[in-house]
Amino acid sequence: MISDIPLNVILMQLFFGLALGSIFVIMASGLSIIYGLLDVVNFAHGAFAMLGAYVVFCAVSLSGNFAVGIVSAIVIVALIGALVEVVLLKPLYGKDPLLPLLLTFGLAVAIPDVIKIAFGLIGKAVAYPAAFSGATKVGPLILSNYRMFIIVFTLAVLISLWIFLKKSDLGMIIRAATQDSLMVQVLGINTSRIWTIGFALGVGLAALAGAIAVPMMSATPDMGVEMTMGAFVVTVVGGLGSLGGAIVGGLLIGVIVAFTALVAGEYSNVAMYFCMAVILLIRPRGLFGESGRE
Amino acid sequence: MKQATDKKAMLTDVEPKPRATIVWGTALVLVALPFVISVPLSTEILIWTIFGLGFNLLLGYTGVLSFGHAAYFGLGAYSAGLAIKYWQVDILTGIAVGVVASMLLACFIGALAIRRRGVYFAMISLAFGQMLYFTALSPLKEITRGEDGLTHIMATVNLFSVSLDKPKHLYYFVLAITVVMLYLTWRILQSPFGKMLQAFRENEERAKACGYNTTLVKFFSLVLSGLYGGLAGALNTLYLGYVPLTSLFWLTSGTIVMMTVLGGRGTFLGPLVGVAVFLFLQNTISLFTPRWELFVGAIFVVIILIFPGGIMGTLREKYLSRKMVKLQNKAADFQ
Amino acid sequence: MLLRTDKVSKHFGGIHAVDGVDFTLRQGQLKSIIGPNGAGKTTLFNLIAGVYLATNGKVFFKDRDITNLSLHKTSRLGITKTYQITHIFPNLTVFENVRISAQSRNTAFNFWRTTHSFSALNERALDILEQVELLDKRSLLASTLSHGERRYLEIGIALATEPEVLLLDEPTAGMSCAETNLCAELIKKLNKELKLSIVLVEHDMSVVMGISDEILVLNEGRTLAEGTPIEVSDNEEVQRVYLGEGKACSA
């Protein structure tokens, strides 16, 4: 078993796991922001990530520049998200709380088919950006540059997100609205617009996750479901509405999946669900309890 | 103080003795169904209706949203299939194995997750559904045959040496079970337990203050729902003659959600109507394009926006609001 | 003593909503808890009912420690609460609202017999509707009732659990003065005719003056005064706290 495996292989796998986990972390943070603000669990979260992946594919094909791809993925998907929130979700606020959830589920069913019609069933591969292709030797380890980039980049995204939420005016309003939207309304702030911005921000993060994942796994119309599942498992483990939970949960799940792939390949798809089941057995309310509003 | 006879009269007026007319009427329509539309489609309608009846008890009457109901359907299908294939049991035993397996799974998932708030339960149930899907896909593929699905289950379908190989014979066998399940559901809804489920969906907090253990009630509702799911899955195995891996796929869970919402969650005939309309739409759209999910998903989104009560729910609302106006006028006349 | 708390406290973060309060209720007593907004009335009430876990102190019902029992368990022991914001089952009929509650004691998990066949239960539901003056509205959906009627229905739902102690949280909230006086009379009637022990939380002092046996005045989470209505209304501190507070309906 694991003791027979040389240390450098274990470290490599840990590295893979952290890179994979980084993508989960970004997905789950977006999901948390949306839930915190709108009380909606976005079942189409993975579908938006998949859209982000396809935007990257288009943008890179047109411009040849990966950075342009990432930026356009975030912007375009965030705009689509804003539109979805205004047209489809807004009419449902204040009604049965199940309805927005069901609606996003309908989107998760419909959106992949739009992509299938436009791009076909076969996945679209995107090459590693030139700056991050290849690998670097670090001591006994050979680390893929692109995965290192993902880990560092995720760290940067999380720090800027944290600064945005803590320091900027808009960020503070979003945090306040997460606690108590009525209070923010009383202060004369247009909460309706805050919800739109929050939803756009959340799906923008999903698009970012899809975008940076694309060179490793290529874009397919059905990739969204597994990305949604990853975000859900992380959220169940780490708790909704807490960035800390998303980070710890995401990295934990990423590492577990990577190690399972090493020791028992056929279980790698199942590992994160087993992990969730075990954590539910030990701590029924997740690692950090349930935060967010009742 | 009013007289006792007065109270008796009042009781018949407030709640007339319930009659299962709706069950027998539906049964009559279903007996004639294969003469109107194709037998395979009719059989599919019955199987999904059973699945939907159980899902509706959970979503429509208890207010618990499970996004992983394919787990019960698929496990029922695989368990029945495996029992028949490897143990050579008769079909009734096979069905029983499927039902019991699904109920046990519901107990397991319920024990782990039913305490959690609604949104968490929706996510956890979906995750468990995926867990079963991937487990059948690769770790257990020696037994489940992975992506190919479980094939060559039985040579012929026999019920006590009567052959059910003709599609119509099988249809009426499934119909008999469907009618039993319709009647069972109807009885449950008329019973204190059924009324309690509805109270729950209406106001869980109030139900708690009335002394109901809400966790326990939700748990029972989930296990009951697992029974229907397992039964539907096992019947699907008999109908198809094999178990496709897609019976565990998330879209199967999604389909039963969409069918139930479309027909009207929390209405008795909602699942049947939703199943019929959904399968009709799916079959019709598939004639023109393989991308039926786009259209069905879009229609579902529109239904949520315009008729969140679904077909039967919207009709019932119309009927009730008329009745309430009448009753209020009557009450006003008294004063 | 039927119900008592022993230096019970509830802290939310740094806020001491209830801070070491001793509360007692004798069999058959109608006792009111009053105090200005934020005095901790509803919190104390929810500590007794089992909605909140106490930070410190104990709650006893018939000398049994019920401090950490949850809401449905205290209800089963015979302590039933109503809510400050109306909690009913809106899409069920008025009759069904009461019967759901009445059946919670014994028949709840029967899933085969029809509710129609439980005639004793159904008649009881009608009796309760008569007590809360909603018999005429029995077939209406609860959502179609007026605000005042819903408050009565909620009292009916609570009565149907056959409580020994009825906890009423501002039953007259949102009612006009005329409705308030009628509701106060109803509460007095339940106390006298059904021999129910009642804890009444009220914002408005004048409502409770006429009907209470005893009054507990809370302020900032602590006991300010306790005694008969006359003793309490003569208390200078109470007068100071209450100066110019709330609506006033003279009974």
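Is C:Lys62 buried, exposed or partly exposed? C:Lys62 is partly exposed, with 14 other C-beta atoms within 10 Å. A residue counts as buried if 20 or more other C-beta atoms lie within 10 Å of its own, as exposed if 12 or fewer do, and as partly exposed in between, with C-beta atoms placed from the backbone. The model is a predicted one, in which local features need pLDDT of at least 70, side-chain atom pairs count only at pLDDT 80 or more, and totals for chains, interfaces and linings use all residues. Residues are numbered from 1 along each chain as its sequence is written, while chains are lettered from A and ligands numbered from 1 in the order in which they are written.

C:Lys62 sits in the loop between β4 (56-61) and β5 (64-65) of chain C. Its phi is near 50°, a positive value in a residue other than glycine. C:Glu162 also has a positive phi, of about 55°, although it is not a glycine. The loop that holds C:Glu162 runs between α5 (147-160) and β7 (165-169) of chain C. C:Glu162 is partly exposed, with 17 other C-beta atoms within 10 Å. Helices (H or I, at least four residues) and strands (E, at least two) are DSSP runs, numbered from the N terminus.

Chain C is divided into domain 1 (1-78 + 165-171 + 197-251) and domain 2 (85-162). These bounds come from an automatic or database domain assignment. The C-alpha centres of the two domains of chain C lie 27 Å apart. Four residues of domain 1 of chain C are in contact with four residues of domain 2 of chain C. Contact means that C-beta atoms, placed from the backbone, lie within 7 Å. On the side of domain 1 that touches domain 2, three residues are nonpolar, one is polar and none is charged. Here Ala, Val, Leu, Ile, Met, Phe, Trp, Tyr, Cys and Pro count as nonpolar, Asp, Glu, Lys and Arg as charged, and the others, Gly among them, as polar.

Two pairs of chains touch, and chains B and C make the most contacts. Chains A and C do not touch; their nearest C-alpha atoms are 13 Å apart. Towards chain C, 34 residues of chain B are in contact with 42 residues of chain C. α9(B) gives the largest share of this side of chain B, eight residues. By class, this side of chain B has 17 nonpolar, eight polar and nine charged residues.

Towards chain A, 34 residues of chain B are in contact with 36 residues of chain A. At least two residues each come from α5 (91-113), α6 (118-137), α12 and α14 (292-306) of chain B. α6(B) gives the most, with twelve residues. This side of chain B divides into 25 nonpolar, five polar and four charged residues.

Within chain B, the axes of helix α4 (residues 70-87) and helix α12 (residues 250-263) come within 8 Å and cross at roughly 115°. Axes are lines fitted to C-alpha atoms, for helices over the stretch in contact, and angles run from 0 to 180 degrees between N-to-C directions. B:Ala70, B:Phe73 and B:Gly74 of α4(B) meet B:Trp250, B:Thr252 and B:Ser253 of α12(B). The residues of this contact are three nonpolar, three polar and no charged.
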